[in-house]
Amino acid sequence: MASFEDEVTQTNLDELKESSVLTAFLSEVAPSTTPYDWLRKQKVMDSSARITVAGVLLYDDCPQATLPKQSAIKILRYHTDEVEGTRETLDNGFPITIEGDLYTLIHEAVCQTKEIVEEAGVVGREDIESKEYPEITLHEIITNAVLHRDYSIKKDIQIRIFTNRIEIESPGKLPGHITIENILQEQCARNPKIVRLISKFPFPPNKDVGEGLNTAFRAMEQM
């Protein structure tokens, strides 16, 4: 089955080969390999040297320039516990938009979400309950949202922080045979190439063994 991660973009090898992300990655993982050889071998570049969606998301310094409105993360904080936030309940300074390659996107989103939640507790705002969330849970669910979202949909991932909960919305339906009922038992990667290749980064955000959500659930239950 064809995946949108394999669609070619207007970005070509000349534009990508000097990116700091790709340069740093190759120096650590495959120092004797050229950008051309790596991208062709991993099938994220076609015969005309055009880079696929997966290649841009993983190795471009700013994928959002090529894939606007479908590759960033927006963090919103609301001073309400209602079902939906509104413009009136959105805190000043929000939304915050996070951009960058997928590795950076995950790291920054986890760090900023954690800081925002902790800051609310330190400030002691009366309309924000004192909440703690296991960092591993935030990490696993944000990683899942980034790696398994439907990148054909022009909508950014949203992390919505309410006074009594955090919601993380990953655009797209559940992939393949996955349902709400079997999501912790079954596996189905919408973007298998992205999942495999990001696991090759030093200190990868994923282990590529399909245990992310289970880890997140266990950490919440233990807390």
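Read along the sequence, the chain of this predicted model runs β-α-α-α-β-α-β-β-α-α-β-β-α-α, a total of eight helices and six strands. Helices here are DSSP runs of H or I with at least four residues, strands are runs of E with at least two, and both are numbered from the N terminus. The radius of gyration of the chain is 18 Å, close to the 17 Å given by the globule rule for 223 residues, so the chain is as compact as a globular protein of that length. For that comparison the radius is taken over C-alpha atoms, and the rule is 2.2 Å times the number of residues to the power 0.38. Residues are numbered from 1 along each chain as its sequence is written, and side-chain values use heavy atoms, with hydrogens and water left out. Because the model is predicted, local features need pLDDT of at least 70 and side-chain atom pairs count only at pLDDT 80 or more, while totals for chains, interfaces and linings use all residues.

The C-alpha trace spans about 60 × 40 × 30 Å along its principal axes. Of the 223 residues, 43% count as buried, where buried means under 20% relative accessible area, exposed means over 50%, and partly exposed lies in between (1.4 Å probe, protein chains only). The accessible surface comes to about 12,200 Å², and carbon and sulfur atoms hold 50% of that area; the areas come from the Shrake-Rupley method with a 1.4 Å probe, and for residues only the protein chains shown count as cover. Among contacts with a separation of 6 or more, 65% link residues 24 or more positions apart, a contact being heavy atoms within 4.5 Å.

Next comes the sheet. Four strands form an open sheet in the order β4-β3-β5-β6, with mixed pairing. The edges are taken by β4 (96-98) and β6 (166-169), each of which has a single partner strand, so one side of each is left without a neighbour in the sheet. From one strand to the next, the twist averages 15 degrees. Strands pair through backbone hydrogen bonds, either parallel or antiparallel, and two strands are taken as paired if DSSP finds at least two bridges between them. Strand β3 (residues 73-77) and strand β5 (residues 157-161) pair in the parallel sense, over five bridges. One of the bridge partners in β5 is Ile157, which pairs with Ile73.

Helix α6 (residues 135-148) lies across β3, β5 and β6, and runs at about 20 degrees to β6. For such angles, axes are lines fitted to C-alpha atoms, for helices over the stretch in contact, and values run from 0 to 180 degrees between N-to-C directions. Ile141 lies in this helix and is partly exposed at 28% relative accessibility. Leaving out residues up to four places away in sequence, Ile141 touches Ile168, Leu213 and Ala216. Of these, Leu213 is 72 residues from Ile141 in sequence, yet their C-alpha atoms are 6.6 Å apart.

The loop between α7 (192-198) and α8 (212-222) contains Pro202, a partly exposed residue with a relative accessible area of 30%. Apart from neighbours within four places in sequence, Pro202 is in contact with Glu28, Val29 and Tyr103. Pro202 and Val29 are 173 residues apart in sequence, with a C-alpha to C-alpha distance of 7.6 Å. Phe203 also sits in the loop between α7 and α8; this residue is exposed, with a relative accessible area of 76%. Although Phe203 is not a glycine, its phi is positive, at about 50 degrees.

Two further backbone features deserve a look. Lys69, in the loop between α4 (53-59) and β3, has a positive phi near 65 degrees, again in a residue other than glycine. A cis peptide bond joins Phe94 and Pro95, with omega about 5 degrees, and Pro95 is found in the loop between β3 and β4.

Finally, the cysteines. The structure holds zero disulfides, a disulfide being a pair of cysteine sulfur atoms within 2.5 Å. The sulfur of Cys111 is 19 Å from the closest cysteine sulfur, that of Cys62, which is too far for a bond. Cys62 is partly exposed at 31% relative accessibility, and Cys111 is partly exposed at 28%.
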